[in-house]
Amino acid sequence: MRLLVAMPGLRAAEEIRTRLYARWEGWEIDLCSYTSDALHLLRSQPVDVLVLHRCIAGAGGRKVLEQLARWQLPCPPRVLYLCEAEERTQLCADCFVHPSASPDALCSLVEILAKKPLPKLAVQQRQRLWKTVDSFLDELSMPRSLKGRFYAAWLLCWLVPSPLGEEKPVSRWYEECAAAHHTSPAAVERCLRVAVESVFTQGSMQGIERCFGATVDPEKGKPTNRVFLIKAARFLRRRMADYSFTETRSLNSSEMHQRPAAPTSV
């Protein structure tokens, strides 16, 4: 679980890091106090949770949130934003808290956000993701007439922006999908299995090779539903990351060049 803490003073950020490590050793935590450092880290590697203070040095936390929205990252972070009450209706964050909140309160909120299925930033770009997934399933020649195709698309839209979902048991995936579509987990599993089988018996060989490479041999059978969805989700993350990188103009502000990114890392 990767966390980025962007606060004006590293002393407060270090206290948060120490407390979180005491609760769970599975964190990977980066600290920074400059806007340029935060943007560099967010661009260079996926971050699961971002603790962002409105007054970080440089352009400020608002600039970071606005840039995140423009980037449309395939796996955006869950954002805990420290700001005054009047700012809360203007920005896209998963949770707002007053800048005076205690380190213990911030740690508790971080742990809650880490369990959130989808970041708010991911929900905002849901339409773009759905189109990307739909185009991908067309490349594989998964028939639109199959109900399992719709379930596959829904699950991919759930998994792509949140890699943490891959750690959950596949039965939980079926339960989530079934609840959203008023059916049973068994029906989701069965329909999805039929749709995956159709790809590896009658689908596009070029599409299969592009997504799965040599990891799946159509002549020897098909992957399980879980393997299919995980490999497809990782392929789509790479595709969307490439798109975001080429289609989004990089920052050229003087601030980005005045200070190199040099965060304190663990």
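Colleague: In E5, which residue is the bridge partner of Tyr-81?

Modeller: Phe-96. The E and H names are DSSP runs numbered from the N terminus: strands (E, at least two residues) and helices (H or I, at least four). This is a predicted model, so local features need pLDDT of at least 70 and side-chain atom pairs 80 or more, while totals for chains, interfaces and linings use all residues. Residues count from 1 along each chain as its sequence is written, and side-chain values use heavy atoms, without hydrogens or water.

Colleague: How many bridges join E4 to E5 (residues 95–97)?

Modeller: Strands pair if DSSP finds at least two bridges between them. Here three join E4 to E5, and the two run parallel. On E3 (residues 49–53), five bridges link to E4, also parallel, and Leu-50 has Val-79 as its partner in E4. From E3 the chain goes through helix H3 (residues 61–71) to E4, a right-handed β-α-β crossover (clockwise from the first strand over the helix to the second, with the strands pointing away from you).

Colleague: Is E4 mostly covered or uncovered?

Modeller: Buried means under 20% relative accessible area, exposed over 50%, partly exposed in between (1.4 Å probe, protein chains only). All five residues of E4 (78–82) are buried: Arg-78, Leu-80 and Leu-82 on one side, Val-79 and Tyr-81 on the other.

Colleague: And is Ser-100 buried or exposed?

Modeller: Exposed, because its relative accessible area is 58%. Ser-100 sits in the loop between E5 and helix H4 (103–114). Its side chain makes a 2.7 Å polar contact with that of His-98 (N or O atoms within 3.5 Å, one able to donate a hydrogen and the other to accept it; sequence neighbours count only if both atoms are side-chain atoms).
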